[in-house]
Amino acid sequence: MSSGFPQLLFIQGGGAGTHDEWDDKLVESLRRELGPNFEIRYPRMPNEDDPSYVAWTETLEKEFATLDNDAILVGHSIGGTILVNALAQSRSDREFGAIFLIAAPFVGEGGWPSEDMNPAPDLGARLPRDFPVYIYHGLDDETAPPSHADLYARAIPQARVRRLPHRDHQLNNDLSEIAATIKSLKGGS
């Protein structure tokens, strides 16, 4: 049941303890920056220490079904990678407001290999028409190379890419730029 506030779905990255020890700090940064007029959902993804595209996509489809149209989707690290690929193949009839990929590794040609994810070469064309896509990547990211932002820019030509100097894979636990963009999309909600 919707709270009446704009909804935001945050999808964690992978790795042991990520939900409670790492990405919770990113969600807290968004809560602080966005204020009380946003409903932020932060589901625990299955087997976070060994992310599976199939299992995470099944969880995402269930989450998508509970969201209002115009909800904002945010994915960190492999969570962003799985989120954007799942959205491109989604059966959901929801019309989401935007997607934000934070330090998301690119899977496909030039990026990381994957045994269970086979991304479409026309990723950008598979996303909903006129759908805002934002890619944020720290230039000091030692986990997912900053060059992966450029691979996403090629795969999703409509994406807006923000390269952040002196920011690591967790963007130094500061999502203020992302929150400011979300507020601008939502008319300053």
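This report describes the sheet, the helices packed on it, the nonpolar cores and the salt bridges of a predicted model.

## The sheet

The strands form an open sheet of six, in the order β2-β1-β3-β4-β5-β6, and their pairing is parallel. At the edges stand β2 and β6 (160-164), each of which pairs on one side only, and from one strand to the next the twist averages 15 degrees. In general, the strands of a sheet are held in pairs by backbone hydrogen bonds, in either a parallel or an antiparallel arrangement.

Strand β5 can be followed in some detail. With β4, β5 pairs in the parallel sense over four bridges, and Ile99 stands opposite Val133 of β5 in this part of the sheet. Towards β6, which runs parallel to β5, there are five bridges; here Ile135 stands opposite Val161 in β6, while the bridge partner of Tyr134 in β6 is Arg160.

In a regular strand, side chains alternate between the two faces of the sheet. In β5, Val133, Ile135 and His137 point one way, whereas Tyr134, Tyr136 and Gly138 point the other way, and all are buried. Because six of the six residues of β5 are buried, this strand is largely enclosed by the rest of the structure.

## Helices on the sheet

Helix α4 lies across β1, β3 and β4, and runs at about 135 degrees to β3. Helix α6 also packs on the sheet, where it touches β4, β5 and β6, and the direction of α6 makes about 165 degrees with that of β5.

The buried residues of α3 are Tyr53, Trp56, Thr57, Thr59, Leu60, Glu61, Glu63 and Phe64, and what covers them includes β1 (7-11), β3 (72-76) and α4 (78-88). Since an α-helix has 3.6 residues a turn, residues three or four places apart point the same way.

Ala88, which is found in helix α4, has a relative accessible area of 12% and is therefore buried. Leaving aside neighbours within four places in sequence, Ala88 is in contact with Leu123, Arg126 and Leu127. By contrast, the C-alpha atoms of Ala88 and Pro145, which are 57 residues apart along the chain, are separated by 23 Å.

## Nonpolar cores

The largest nonpolar core has 35 residues, of which Phe64, Leu73, Ile99, Tyr152 and Ile156 touch the most other members. Two or more residues of this core come from each of β1, α3, α4, β4 (98-102), β5 (133-138) and α6 (147-155), and α4 gives the largest share, with seven residues.

Tyr152 illustrates these contacts: not counting residues up to four places away in sequence, it touches Thr81, Val84, Leu101, Ala104, Pro105, Phe106, Leu123 and Ile135. A second core, separate and made of 23 residues, includes Phe10, Ile40, Phe100 and Leu164.

## Salt bridges

| Salt bridge | Closest N and O atoms |
|---|---|
| Asp20 and Arg44 | 2.9 Å |
| Glu39 and Arg41 | 2.8 Å |
| Arg94 and Asp93 | 3.5 Å |

The salt bridge between Asp20 and Arg44 links distant parts of the chain, with Asp20 in helix α1 (residues 18-21) and Arg44 in the loop between β2 (39-41) and α3, 24 residues apart. Asp20 has a relative accessible area of 44% and is thus partly exposed, and Arg44 is likewise partly exposed, with a value of 48%.

In the salt bridge of Glu39 with Arg41, Glu39 counts as buried because its relative accessibility is 15%, and Arg41 also counts as buried, with 15% relative accessibility. In the salt bridge of Arg94 with Asp93, Arg94 is partly exposed at a relative accessible area of 27%, whereas Asp93, at 63% relative accessibility, counts as exposed. Elsewhere, salt bridges that share partners join Arg167, Asp174 and Glu177 into one network.

Terms used: Residues numbered from 1 in each chain as written. Predicted model: local features only at pLDDT ≥ 70, side-chain atom pairs only at ≥ 80, totals over all residues. Heavy atoms only, no water. Buried < 20%, exposed > 50% of the residue type's maximum accessible area, 1.4 Å probe, protein only. Contact = heavy atoms within 4.5 Å. Core = buried A, V, L, I, M, F, W, Y, C linked by side-chain atoms within 4.5 Å. Salt bridge = Lys/Arg side-chain N within 4 Å of Asp/Glu carboxyl O. Pairing = 2+ DSSP bridges. Axes fitted to C-alpha atoms, helices over the stretch in contact; angles between N-to-C directions.
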